[in-house]
Amino acid sequence: MFTLKKQISEGIEHKLPPDMRKALLASPKALAAWEDITPLARNEWICWTTTVKREETRREHVKRTVEELKQGKRRPCCWAGCIHRKK
């Protein structure tokens, strides 16, 4: 037996990590907002979440991603941007 995973759009440089996927699937409003933003914006949310050093901070960033998407924010606030993007 197999299960189908709901397709969720990813970023330009980064794949959507399992913890973010789970959080987005748990919130239809955040997921709708996620699908409405550009691939570059999704990339920045993923990078903002995954480049932190502490697991506690990462959990907080995943939570904030969902909450801020639900509030209508399209990019992480006060962040310089993804350092992995090709110039």
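User: What share of the contacts with a separation of 6 or more comes from residues 24 or more positions apart?
Analyst: The share is 70% in this protein. The model is predicted. A contact here means heavy atoms within 4.5 Å.

User: Which elements make up the protein, and how many are there?
Analyst: There are four helices and zero strands. From the N terminus on, the order is α-α-α-α.

User: Why is Arg58 called buried?
Analyst: Buried means under 20% relative accessible area. Arg58 has 18%, so Arg58 counts as buried. Its place is in helix H4, residues 55-70.

User: What does Arg58 touch, leaving aside neighbours within four places in sequence?
Analyst: Arg58 is in contact with Pro17, Asp19, Thr49, Thr50 and Val52.

User: How do you know whether Thr65 is buried or exposed?
Analyst: Set its value against the cut-offs: buried is under 20%, exposed is over 50%. Thr65 has a relative accessibility of 1%, so Thr65 is buried. Thr65 is also found in helix H4.

User: What makes the link between the side chains of Thr65 and Thr49 a polar contact?
Analyst: A polar contact needs a pair of N or O atoms within 3.5 Å, and one must be able to donate a hydrogen and the other to accept it. The Thr65 and Thr49 side chains are joined at 3.4 Å, so the distance meets the cut-off.

User: Which residues does Thr65 contact beyond four places in sequence?
Analyst: They are Met20, Trp45, Trp48 and Thr49.

User: How much of the whole protein is buried?
Analyst: Buried residues make up 39% of the 87 residues. The accessible surface comes to about 6000 Å², and 54% of that belongs to carbon and sulfur atoms.

Notes
Residues numbered from 1 in each chain as written. Predicted model: local features only at pLDDT ≥ 70, side-chain atom pairs only at ≥ 80, totals over all residues. Heavy atoms only, no water. Helix = DSSP H or I, 4+ residues; strand = E, 2+ residues; numbered from the N terminus. Buried < 20%, exposed > 50% of the residue type's maximum accessible area, 1.4 Å probe, protein only. Areas by Shrake-Rupley, 256 points an atom, 1.4 Å probe, with all protein chains shown as cover.
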